[in-house]
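Try each task before reading its solution.

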Amino acid sequence: MAARILVIGNRNYSSWSLRPWLFMKQNAIAFEEVCIPLYQAGSKERLLKYSPSGKVPVLVEGEIRIWDSLAILEYLAETHPGIRGWPADTIARATARSACAEMHSGFPALRENLSMNVRKVFAPRTWPAEVGAGRVALHRLLGASRTGGARLLRRNARLAVDAGMARGRSGRGRDAAAVRDGALKGRSR
Ligand SMILES: N[C@@H](CCC(=O)N[C@@H](CS)C(=O)NCC(=O)O)C(=O)O
C-alpha cells in the first residue's frame, strides 16, 4: 500500500490542517506528516506539488490527492471499516452534516478577527459586534453537538466540529488545552 502522507501547515496556526490531523491521531491511523510553512516565499510552489488547490490540508496516497479537510475525514472513515464516520441514523447524520457544513463555510467574522493561535493566551479586548454574534452562533453550534446532539452525533462528527472551532477558544478552557497538548506535543514551531 502506498505511503499515506498528510500535508499540513503550521499546527499552531492552521485550523484546517488540524482537522484531519486530530482525526487521524484520535483514530490511530498511521501517516507521515509533511509540514509546509504557509505564506512565505516559495510556500505556494511547495503546496502545489502536493495540492491541486495550493492549500492544506491535503492527503496523499500514491496517485491519490484529497485536498479538502472534510473530504479527507470522509475518505478515511470510508476506507477504515473500524472507524465510525457519519452517524448511521438519518436525522443524526443530517444534524452532523449541518454542523460540519456550518463550520466549514460559516463564521467569517471569527475567521477574520480570531485567527487560530493555539499557543497564545489573548488579553481581553473589545471585539466588533459581528465577532460577538459569531461567538453566540458558535456556542449554539457547540451546544447542539455536545448536549442534545450528543445522543445523535458520534464522537468523530463532534471531533470534526471541535477541530474546526479550535480557533474560537482564544487559548483558554479544557478543549483548547486538549487541542494545544495534542497539536503541539514535541513541537516548538
Ligand atoms: N476548505 C479548505 C480550506 C483550506 C485552507 O483554506 N487552507 C489554508 C490554511 S488554514 C491554506 O492552505 N492557505 C494557504 C494559501 O492559501 O496559500 C479545507 O477545509 O481543507
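The elements of the protein chain, taken from the N terminus on, run β-α-β-α-β-β-α-α-α-α-α-α. The model is a predicted one.

**Exercise 1. Elements of the chain**

Task: state how many helices and strands the protein chain has, and what share of its residues is buried.

Solution. Step 1: the protein chain has 8 helices and 4 strands. Step 2: of the 189 residues in the protein chain, 31% are buried. Step 3: take the contacts in the protein chain with a separation of 6 or more; 68% of them come from residues 24 or more positions apart.

**Exercise 2. The sheet**

Task: find the order of the strands in the open sheet, and name the edge strands.

Solution. Step 1: recall that strands of a sheet pair through backbone hydrogen bonds, either parallel or antiparallel. Step 2: the order of the 4 strands is β2-β1-β3-β4, and the pairing is mixed. Step 3: β2 (32-35) and β4 (64-66) each pair on one side only, and these are the edge strands. Step 4: on average, neighbouring strands of this sheet are turned by 20 degrees against each other, with direction ignored.

Step 1: now take the pairs that involve β1. β1 and β2 are joined in the parallel sense over 4 bridges, and Ile-5 stands opposite Glu-32 in β2. Strand β1 (residues 4-8) runs antiparallel to strand β3 (residues 58-61), with 4 bridges between them. Here Arg-4 stands opposite Glu-61 in β3.

**Exercise 3. Helix α1**

Solution. Step 3: a residue counts as buried if 20 or more other C-beta atoms lie within 10 Å of its own. Step 4: buried residues of α1 include Trp-16, Leu-18, Trp-21 and Phe-23.

**Exercise 4. Backbone exceptions**

Task: say where Ala-28, Tyr-39 and Pro-57 lie, and describe the backbone there.

Solution. Step 1: most residues other than glycine have a negative phi, and most peptide bonds are trans. Step 2: Ala-28 lies in the loop between α1 and β2. Ala-28 is not a glycine, yet has a positive phi of about 55 degrees. With 9 other C-beta atoms within 10 Å, Ala-28 is exposed.

Step 1: Tyr-39 is in the loop between β2 and α2, and has a positive phi near 55 degrees. Tyr-39 has 9 C-beta neighbours inside 10 Å, so Tyr-39 counts as exposed.

Step 2: Pro-57 is in the loop between α2 (43-50) and β3. The peptide bond that joins Val-56 and Pro-57 is cis, with omega about 5 degrees.

**Exercise 5. The ligand shell**

Task: list some residues that surround the ligand, and sort the shell by residue class.

Solution. Step 1: the residues around the ligand include Gly-54, Lys-55, Val-56 and Pro-57, and also Asp-68, Ser-69 and Leu-70. Trp-16 is one of the residues around the ligand, and Trp-16 is buried in α1. Step 2: the shell divides into 5 nonpolar, 4 polar and 3 charged residues. Step 3: the cis bond of Exercise 4 joins Val-56 and Pro-57, and both residues belong to the surroundings of the ligand.

Terms used. Residues numbered from 1 in each chain as written. Predicted model: local features only at pLDDT ≥ 70, side-chain atom pairs only at ≥ 80, totals over all residues. Near = placed C-beta within 6 Å. Nonpolar A, V, L, I, M, F, W, Y, C, P; charged D, E, K, R; others polar. Pairing = 2+ DSSP bridges. Helix = DSSP H or I, 4+ residues; strand = E, 2+ residues; numbered from the N terminus. Axes fitted to C-alpha atoms, helices over the stretch in contact; angles between N-to-C directions. Buried ≥ 20, exposed ≤ 12 C-beta atoms within 10 Å, placed from the backbone. Contact = placed C-beta atoms within 7 Å.
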